[in-house]
Amino acid sequence: MKVIYEKPKSISDKTFHYCPGCGHGIAHRLVGEVMDELGIEDKTVAVVPVGCAVMAYDYFECDVMEAAHGRAPAVATGVKRCLPDKVVFSYQGDGDLAAIGTAETIHAAARGEGITVIFINNTIYGMTGGQMAPTTLPGQVTQTSPFGRDPYTQGWPLKMCEMLSTMTGPAYIERCATDTPAHIRAAKKAVKKAFTYQIERGAYSFVELLCACPTNWGMTPGEARDRVGSEMIPYYPLGIFRDICDIKEGK
Amino acid sequence: MEYRVIISGFGGQGVLFAGKVLAQAAVYDGVNVSWLPSYDPEMRGGTCNCRIVVSDKEISSPAFSEADALIAMNVPSAERFSPDAASLIVTDAAGGEVCKDGAKVQVVDVVGCDTALINMAMLGAFIAKTGIVSRDSVHAAIRSVAKTGAQEDIDALGI
Amino acid sequence: MKKLMKGNEALAAAAIYSGVKCFFGYPITPQTEIAAYMAKHLPKAGGVFLQAESEISAINMVYGAAGAGFRAMTSSSSPGISLKQEGISYIAGADLPCVIVNVMRAGPGLGGIQASQSDYFQAVKGGGHGDYRLLVFAPASVQEMADMTVTAFNLSDKWRIPAMILSDGVTGQMMELVDMDDLPEICRYDKPWAANGKGGRKKHNIINTLYLEPEELEAVDMEREKKYERAKAELQDWEEYMTDDAEIIVTAYGISARIARAAVNAARSEGIRAGLIRPKMLWPFPEDAYKRDVKAYLCVEMSRGQMVEDVRLAAGGARVEFYGRCGGMLVDETEILNRIKEIHDEGNI
């Protein structure tokens, strides 16, 4: 019997707790596939966030550290500085990375820390039940922006790829989406390239994945997937924002 | 015997250096010593001081308010600390004028003295007066503590 | 050979001697010499110095390095230690060893920059959220700044309890003679729990503090509590001075204890049978030191009275008096002596 599709071996057998249509399932799988393909599961330390992915330590088969809210880049820095030959990545949502952890995010990037950051942007706080995130779009209704986010009183969304790409430290920054098979394939390439930059150049790499959150958006998985394309991508354009090494993805 | 000294002046005059030399000299003499610098914001360009305790017994506290002696390298230091000095104030002519108790004052003539060496001139006068550390020890201490120009410092001591 | 060193520098040098792999710091008076010393000397010793973007980042870097199985350290002074409380709670919750240095200055808020002892509660009673403890060391000399740093790394690794050196501005800033050639021995412990890449291991290691099932979390907490109880039984550490026949015992830690000792000497020379108990560790608190028959204890602190609460608990029903200064003021030898005399005279009426 020929196997044509299976779970990556870097992902455990534990059943995901994520909602139907949630982008985390896709993002986890992409990271798992890349770990498998690069053969790095045994030398990787993942640093997982506070938020919906808080229990990702049960899903990744590599060694894992659970960080305090927003502190994953600092924790990853501590690991990488001790273990420069190991692969270290942080996996963070938008509240974690772009609100409470903004300082850690920016300064790890400024140092060009040799880590890979996987950034899940779904424009909302998921774990706590759907509050306004730093990436919530103008007009978007959440529990804490019940009349729609008013940028004049609640601030404008942070565009992290654009912000970080003004800096000298990062080697590679790309924004991808998880709404269509083509976008997911592109995302896989980006994740693999990000890890490759770390492994081959000891460089800082950052991949933002635009993801759906059907539950907290109050949509069906299909509607939520469509919103990624119709509302998020126009505001958060896809593409490579910084690439100073020009390494081809994978090997 | 426990002897407490305050050395004070402007930042840049070598106040902390003079204190370190005195402390290191006491080490060479084989007695106990502590050195405590001021670390107020005023150390950044304002007045600066350090406190040295020399003792043949265990030193209880490196911090103190009442001193045996004061080395005041500028007028503000003489004004501020002279009331705290029980028996000796080493300072320049201008500093001596603001000290209430003239009997304690030993004026060091620093006219024409290289400003970078006033600290050593005053330390030398202090040691000559008190004999709190030996001449050999203070010379050795300067050679140990000074990064450059040890001989100039030693010459400036005048002892 | 003994040499003159600043307390902060002796502490940093002792940490390098202990094999600290990383130091993550942030500037704040009066502890900055530790970071400066580390920046200069740790890389030469094969370690990593990194100035973090904040105290919060620094302690979380410690979490990462400690979780990866390395000796890691951070230092700060009171306001910065408040910022670190989040990370300290996580480190304690993940049972990670590390050393945190607090060169105390006066609070609350920005407070002042002069020496203080007003972070006792924060260090000993928790500080961060949750049921946890730190091994808390109270150095009273430059030599102890060095010695206790070595011991803190050893015991923290052994017990998997984060350690804190609770020092103060005077002890950190002062220079006195220290023998760096006669430091305690370094003890090494295996860390099979470290998340450092699976290598040949079958199962992945997880450094974690999250337990969503209350039964599970309670079991973890209770297990840790047993460890704390063992630490209380084994680690109490204190120094006594002239206590054998003492009827009034002064008790103080750190710089206050040095000044109190001079007051005890002065009292003795006036014929008062005074003594001193100096806790060298504040957690576990040396309760056993206070089980004795005395007229009164006089607790001396540079705070409005924090350790005195533990002295009262330990002393049973014995009389416990308090004398303290705060705001960055040092306790005064004469004032301590006067309190000893007052207590002594009252007793004779």
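User: In this predicted model, is Arg227(A) buried or exposed?
Analyst: Arg227(A) has a relative accessible area of 4%. The cut-off for buried is under 20%, so Arg227(A) counts as buried.

User: Which residue does Arg227(A) meet in a salt bridge, and how far apart in helix 9 are the two?
Analyst: The side chain of Arg227(A) meets that of Glu231(A), at 3.0 Å from N to O. Glu231(A) is partly exposed, with 40% relative accessible area.

User: What about Lys192(A): which residue does it form a salt bridge with?
Analyst: Lys192(A) counts as buried at 16% relative accessibility. Its partner is in helix 1 (residues 23-38) of chain A, while Lys192(A) is in helix 7 (residues 181-201), 155 residues apart. The closest N and O atoms are 2.8 Å apart, and the partner is Glu37(A).

User: Over in chain C, which strands does the Arg278(C)–Glu239(C) pair tie together?
Analyst: Arg278(C) and Glu239(C) form a salt bridge with closest N and O atoms 3.2 Å apart. They are 39 residues apart in sequence, so the pair ties together strand 12 (residues 274-279) and strand 10 (residues 238-241).

User: How compact is chain C for its 349 residues?
Analyst: Chain C has 11 helices and 15 strands. Its radius of gyration is close to the 20 Å that the globule rule gives, so chain C is as compact as a globular protein of that length, at 20 Å.

Notes. Residues numbered from 1 in each chain as written. Chains lettered and ligands numbered in written order. Predicted model: local features only at pLDDT ≥ 70, side-chain atom pairs only at ≥ 80, totals over all residues. Heavy atoms only, no water. Helix = DSSP H or I, 4+ residues; strand = E, 2+ residues; numbered from the N terminus. Rg over C-alpha atoms; globule rule 2.2 N^0.38 Å. Salt bridge = Lys/Arg side-chain N within 4 Å of Asp/Glu carboxyl O. Buried < 20%, exposed > 50% of the residue type's maximum accessible area, 1.4 Å probe, protein only.
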